[in-house]
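Reader: I would like to learn how to read a model like this one, feature by feature. Could you take me through it, giving the general idea and then the case at hand?

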Amino acid sequence: MNFLAHIYLSGDNDLIKIGNFMADGIRGKQFENFPEEIQKGIILHRAIDTYTDAHPVFRESTKRLHERYHHYAGVIVDIFYDHFLAKNWEQYSNENLEDFIDRFYQSLHTNHDLVSEKTKNMLPYMEKQNWLLSYQTIDGISQILTQMDRRTKNESKMRFASEELKTFYIEFEKEFTLFFEDLQLHAQEKLKTL
C-alpha cells in the first residue's frame with residue numbers, strides 16, 4: 001500500500017502513523033533508534049507490506065501490469081489502491097479526507113524532531129503539492145506516477161500507468177475493495193500485538 005493507506009491503517013496514534021508513514025526509508029534495525037510508538041508504526045508498515053505482496057487479490061491486480069512495467073507493477077498497484085481509498089474515503093472514515101490529511105501534516109510538524117531526515121526533506125514537496133489529497137483523481141495519480149518515473153530516470157515507464165488505470169478501472173476498484181477488507185482486519189490484529 002502507499003502513503004494514505006499506511007497512515008489510515010495506523011489507527012488514532014499519531015506516532016504510530018508517523019512510523020508507518022516513514023518506514024520505507026528506515027532500513028533493517030535502524031527502527032530501534034526511534035521511540036517505541038514510532039517503532040510500532042514501522043513494524044506495522046512492514047507487516048502490511050508483507051501481507052499485501054502475498055495477497056492473491058493484490059497479485060491479480062499486479063498481473064495486469066507485469067508485461068509492461070515488470071517489477072514496478074506492485075508499486076503502481078499500491079498507488080492505484082490509494083486512489084480508490086481516497087476516492088471512496090467516506091466508506092472508510094467518518095472524518096473528512098482533507099481534515100484527516102491536515103491533522104496528519106500537523107502531527108508531522110508537532111513531532112518534527114522525531115521524523116527521519118528523508119521524511120523532513122520530502123515533507124515540503126508533499127504538502128505543497130498535497131500528494132495525499134491528489135490521490136482522489138486520475139490526474140493526481142498521473143502526476144504522482146510521472147514524478148516517480150522521473151526518479152527512475154524514466155526507466156519504469158510509470159508515467160504511462162494511468163492508461164491501464166482508466167482501461168481496467170472497474171476491475172482495479174473491485175480488487176481494491178475486496179483486498180482492503182482483508183487488509184483492514186490484518187492491520188487491526190497486528191496493532192493489537194504491538
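Author: Gladly, and let us begin with burial. Buried means under 20% relative accessible area, exposed over 50%, and partly exposed in between, with a 1.4 Å probe and protein chains only. H6 has 2% relative accessibility, so H6 counts as buried. Before we go on, a word on the ground rules: this is a predicted model, where local features need pLDDT of at least 70 and side-chain atom pairs count only at pLDDT 80 or more, while totals for chains, interfaces and linings use all residues. Residues are numbered from 1 along each chain as its sequence is written, and side-chain values use heavy atoms, with hydrogens and water left out.

Reader: Where does H6 sit, and which side chain does the side chain of H6 join in a polar contact?

Author: Helices are DSSP runs of H or I with at least four residues, strands are runs of E with at least two, and both are numbered from the N terminus. H6 belongs to helix α1, which covers residues 3-8. A polar contact is a pair of N or O atoms within 3.5 Å; within protein, one must be able to donate a hydrogen and the other to accept it, and residues adjacent in sequence count only if both atoms are side-chain atoms. For H6, the partner is the side chain of N20, at 2.7 Å.

Reader: How many helices and strands does the protein chain have?

Author: The protein chain has eleven helices and zero strands. For overall size, the radius of gyration is taken over C-alpha atoms, and the globule rule is 2.2 Å times the number of residues to the power 0.38. Here the radius of gyration is 16 Å, close to the 16 Å from the rule for 194 residues, so the protein chain is as compact as a globular protein of that length. Along the principal axes, the C-alpha atoms fill a box of roughly 45 × 35 × 35 Å. Of the 194 residues, 51% count as buried.

Reader: What share of the contacts with a separation of 6 or more comes from residues 24 or more positions apart?

Author: Contact means heavy atoms within 4.5 Å. Residues 24 or more positions apart supply 68% of those contacts in the protein chain.

Reader: Is H83 buried or exposed, and what does its side chain contact?

Author: H83 lies in helix α5, residues 73-87. With a relative accessible area of 1%, H83 is buried. Its side chain makes a polar contact of 2.7 Å with the side chain of Y169. Setting aside neighbours within four places in sequence, H83 is in contact with several residues, including Y135, Q136, T137 and I141.

Reader: And which residues does S134 touch?

Author: Leaving out residues up to four places away in sequence, S134 touches Q129, G140, I141 and I144. S134 is part of helix α8, residues 131-134, and counts as buried at 17% relative accessibility. A polar atom of the S134 side chain lies 2.7 Å from the backbone oxygen of W131.

Reader: What should I look for in the backbone, for instance in phi of N130?

Author: N130 has a positive phi, near 45°; N130 lies in the loop between α7 (117-129) and α8 and counts as partly exposed at 23% relative accessibility. K153 is not a glycine either, and has a positive phi of about 55°. K153 is in the loop between α9 (138-151) and α10 (162-167), and counts as exposed at 71% relative accessibility.

Reader: Where is L194, and which residues does L194 touch?

Author: L194 is found in the segment after α11 (169-193). Not counting residues up to four places away in sequence, L194 touches K40, I43 and L44. At 28% relative accessibility, L194 counts as partly exposed. L194 and E36 are 158 residues apart in sequence, yet 9.8 Å apart in space, C-alpha to C-alpha.
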